[in-house]
Amino acid sequence: MDRQQISRLAHAHHPVAAPLADDSVARLLGRATARAEEGRAEEGRALDLGCGEGAWLLRVLAAQPRWQAVGVDLDAAALTRARETATALGVERRIGLHHLDAREFTAKEPFGLVLCVGSTHAFGGLVPTLAAARELLAPGGRLLVGEGFWQREPSRAALDGLGATRDELADLAETTDRVVADGWTPVLGHVSTEQEWDDYEFSWTGSLAEWALDHPGHPDAAAAREAADRHRTEWLHGYRGTLGFVTYLLRRD
Ligand SMILES: C[S@@+](CC[C@H](N)C(=O)[O-])C[C@H]1O[C@@H](n2cnc3c(N)ncnc32)[C@H](O)[C@@H]1O
């Protein structure tokens, strides 16, 4: 069972593929799209780098009838799901979905809003993601970027559970300093709460395990069950309370 399929099944019952609750997503997007009402045409265009099933973009389009959106992802099946949902919502004419490495995406027109939430690994981390977004953002545009950070010093068990090294992430202060040093101003930020993390991880592991329970004869059922059990152990015995997640809404001068 490949990682993309595991991720799709695991995220089936969560609002987005990151540890944010519905109301947190709504609050961030409300601020991210707020200035479109002032009539700046380019601010009606949103781009999601690593969009998965397009959850963030589809919310933008459902709430903002004059916005257009573009999503880029390497997971063809997730993009198919995004197209189906767009059609069900009646917004399919306002979204373009590209099966492409986000690092290769270019556009003739810049975007008023660029998103990259939980997908910064596509660019090799936060700072390279900021550089890529800068090239695609219109003057005065906004970047919504979600990234992990160390909520406390990671133990060996936390690092092993995540398959990470200590240096891959920093604490919240250092992470934010890096963003600011790169020329960005956080105009809003959301630190995922313990409740959001627990909901996210139980949803991740529970959705995957339930799929296995519902498909006992499927050739991937045992692998799905095993992946869910392993993930739950890595979380509860490893990185719970250590891995944080921050979503910044950023502007440049
Ligand atoms: C954790 S999901 C986040 C999806 C979405 N941003 C959300 O919050 O719902 C990460 C996504 O990044 C995509 N991804 C990883 N590397 C990529 C790359 N090099 N180019 C495009 N997408 C990539 C994966 O396929 C996956 O859909």
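This is a predicted model: local features need pLDDT of at least 70, side-chain atom pairs count only at pLDDT 80 or more; totals for chains, interfaces and linings use all residues.
Residues are numbered from 1 along each chain as its sequence is written. Local features need pLDDT of at least 70 and side-chain atom pairs count only at pLDDT 80 or more, while totals for chains, interfaces and linings use all residues, and side-chain values use heavy atoms, with hydrogens and water left out.

**Exercise 1.** Work out which atoms of Trp 56 and Val 117 lie by the ligand.

*Solution.* Start with the shell: 17 residues surround the ligand, with Ala 17, Trp 56, Asp 73, Ala 102 and Val 117 the closest (a heavy atom within 4 Å counts as near). Next, look for polar contacts (N or O atoms within 3.5 Å). Trp 56 places a polar side-chain atom 3.0 Å from a ligand oxygen. Val 117 instead uses a backbone N or O atom, 2.9 Å from a ligand nitrogen.

**Exercise 2.** Find where the salt-bridge partners Arg 8 and Asp 75 sit in the chain, and decide whether they are buried or exposed.

*Solution.* First, the pair: the side chains meet at 2.8 Å, N to O (a salt bridge is a side-chain nitrogen of Lys or Arg within 4 Å of a carboxyl oxygen of Asp or Glu). Then place them: Arg 8 is in helix α1 (residues 3–10), and Asp 75 is in the loop between β2 (68–73) and α4 (76–89), 67 residues apart (helices are DSSP runs of H or I, at least four residues; strands are E, at least two). Finally, both Arg 8 and Asp 75 are buried (under 20% relative accessible area, 1.4 Å probe, protein chains only).

How values were computed. A polar contact is a pair of N or O atoms within 3.5 Å; within protein, one must be able to donate a hydrogen and the other to accept it, and residues adjacent in sequence count only if both atoms are side-chain atoms. Buried means under 20% relative accessible area, exposed over 50%, partly exposed in between (1.4 Å probe, protein chains only).
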